[in-house]
Amino acid sequence: MEQQYVEFKGIGKRFIGVRALHDVSFRANGGEVTALLGENGAGKSTLLKILSGAYTADEGVYEINGAEKHFATTQEAIADGVSIIYQERQLVKELTVAENIFMNMLPSNRLGVIDYAAANAEAQRIIDIFRLPIRSTDRVKELSVAHQQMVEIMKAVRRESNIIAFDEPTASLSETEINTLFSVIGHLRDEGKVILYVSHRLKELFQITDKIVVMKDGALVDTLKTSDASEKELIRLMVGRDIGDIFHHLDRAASFGGPVLEVRNISNDNISDISFTLHKGEVLGISGLVGAGRSEIVRAIFGADKLQRGEILIDGKPVKIGSPADAIRAGIGLCPEDRKDEGLVLENPIRTNISIATLGLVSKMGVIDTKMERDMSLKAIAAYNIKTHSAEKQVIELSGGNQQKVILGRWIGADLKVLILDEPTKGIDVGAKSEIYNMIIGLAKSGLGVIFISSELPEVLNICDNIIVVKEGRVSGTLAREDASEEKVLTLAM
Amino acid sequence: MGANTENTIEKNSRTNIGSIIRSNTVVMLFVLAGVIVIFTAINPSFLTTQNIINILNASVIIGLLSIGQTFLIIAGHIDLSCGSIAALSGAIMAYIMRETGIAWPTAFLLAFLFAVLVGIINAVLVNVFELQPFIATLAMMSVCKGATYLLCEGKAIQIADKAFLKISAISLAYIPLPVIIMVVMFLVFGFILARTVFGRMVYMIGGNVSAARLAGIKPKRVSTILYIISAGASAVAGALYCSRMFSALPGAASGAEFDAITAVVLGGVAFIGGKGNMAGCFVGLIIIQFFSNGLVLSNMDAFWQVIAKGLLLIAALVFDFVRRKRFESRL
């Protein structure tokens, strides 16, 4: 088979007032995994969208195997063998794996009656190539997040795509699931396919990629072989400055105060017998595989999910929490895992997204005081360094990092004792991450008890004073920072 | 960040004139002006004080229903039973007055409480049994319609209470009392929606119900109050209708929920929730009423009016879609 390749030549793209891409040129070969690395807004997603036909380039051309292409629609790109695996999976969850793999291409007879036997058999054949423990007749909604992503990939295989791009594929996967994904990607690479791989996680790039294309502010900074690159150098290239070890500069509290949150034997359908104590000034990490019950624990404490048994104490006094409103009244704040679905009212301004949890503070007798509300939002914008020109900007227009800061800013006026952060750094760039680390440490120093959940182990190990590891809805161990290591956490988690 | 930047952010954060001019309500005011110009050209008697007052008077029932719908649709809900609740509560009121001879305020209070009860049932169907608002209130619409026919035994229930019949005949400075009631209710509920904590909660649950809940808002409590407001406003509409017609009619306010929803959507309330305001709804109401009246004055067949209203709703929804797309493409 002749070698497949994609070549970008001087690609440029403008949106109103913004230059999203400028003169991007590189070549990605078949049989190799090419990484696209850069902070949010660097232009990686825009480039993928141009390749997939969702956007058209204003300048430059791209070639597939030497032939210039101008995809006007995603269908054209798919027909020419280009598949993009997005973060948001495009699956119909009620349908089976086979139906999703085939979608509108289900084999049928002349009368249009679907030949399910053939479809299921063919889908199973594809599944078996990757040695996955799923059946073609399983419903997608019953699969784990990772396996759902595999279905997405198998869709691309079924279409016989030769160019497959992954947009942050590991964002919601646990370590073991990531390994499965990497073996699938490796298989596709060995078949000679062109693989483009977008990720923020540097460590992964060393595991799976052959070549790294670093982008910054819409332009290409450098293209280097993975074997020649170092983590430090990549950070310098993508940030444009040497940020060193961001964790070392954290100015953490020397000691804790008394217990602020005590959780005793709480249980519901997802978690059993969870107990722990959080102190004033402490950052407590909750670690574990995705689906182990990390979010479920904090949702139960916050009243977002029903609690069947157990007791929650704030400042030594038992509190009854039946809803998030009760939790907020008791002094608990939550920054939820899914910013877009659960955190923000996207098509609303920063102002209302900040005042939403503390409307009582900006109103008199139920009437909102516009000036007080505006002042609160301006205070949060300044305190959390939210990059915007106005408090009236809609949050949908902000970057992920700034959206996260809006959610943090929402608790600025609240009289909180406990702040829970569920994956606050998911999908945000290195610069914003380091700002958020500092905010977390700062809040803890001011006397708050902070619960921090993250899928990125280095973060948990460096930010948290103590770490609870959960497995299948139960606490499998507790580690103090001095004793914790990636190996120890993973051993407890698996 | 320097003080200078902070001042700029603060200045930018104040309401700017540009966004008001570009807002949907202003666009709709131009549409309204267009409607007035066209129909006045066709029939000069369109733009007379008397005709304007007639139009306003005719819009009272739909106007009151559209207040409840504005709240509900912004919150991501809808109440298709509002027209039937108006008819049923009117019939209950007339029935009580005929059977017991008591004065209208007591009869109205009872009918109003009954409507509130229906509103609570709607809320229970949606919040406890988690039915789709569209389907739950569609079923309730049928129940109330049937109950009205049963109560009326298929005929009108005459009303004798002179004081009650006078309500729709009184005018203050040439403006009929029902119009004044409607305008006052628009102002009061417009204020609640735009300026109060409760109004803000309505927008937040319509914009993203999960996020609102995790920020401490109780979506079920808010929507329950909205179904009650809708049913209560419907009871007021039903009473005013009876007062104007001297009787309760089994087919009263039939299709009024359709007109009310058209007015709301024309007024720029997004069907997926989270967006819109009471002023827009009022402009939408006036457009649809001017439009129907203009068609009558242009000697258009009554059946064409029904088609025209349907087309108007489609136009409003398409306009909503186009605006949305334009917003998304800006991102």
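These legends describe views of a predicted model with chains A and B.

Residue numbers start at 1 along each chain as its sequence is written, and chains are lettered from A and ligands numbered from 1 in the order written. Because the model is predicted, local features need pLDDT of at least 70 and side-chain atom pairs count only at pLDDT 80 or more, while totals for chains, interfaces and linings use all residues.

**View 1. Chain A meets chain B.** Here 37 residues of chain A are in contact with 26 residues of chain B (contact: C-beta atoms, placed from the backbone, within 7 Å). Helices H10 (324-329), H11 (339-343) and H13 (370-383) and strand E18 (367-368) of chain A each give two or more residues to this side. H13(A) gives the most, with 4 residues. Helices (H or I, at least four residues) and strands (E, at least two) are DSSP runs, numbered from the N terminus.

**View 2. The fold of chain B.** Chain B has 16 helices and 4 strands. Its radius of gyration, taken over C-alpha atoms, is 21 Å, close to the 20 Å that the globule rule gives for 331 residues, so chain B is as compact as a globular protein of that length. That rule is 2.2 Å times the number of residues to the power 0.38. The C-alpha trace of chain B spans about 75 × 55 × 35 Å along its principal axes.

**View 3. Confidence along chain B.** The average pLDDT (the predictor's confidence in each residue, from 0 to 100) of chain B is 89, and 94% of the residues score at least 70. Confidence is lowest in helix H2 (residues 17-22) of chain B, at a mean of 55. Helix H7 (residues 104-127) of chain B has the highest, at 97.

Technical notes
Two residues are in contact if their C-beta atoms, placed from the backbone, lie within 7 Å.
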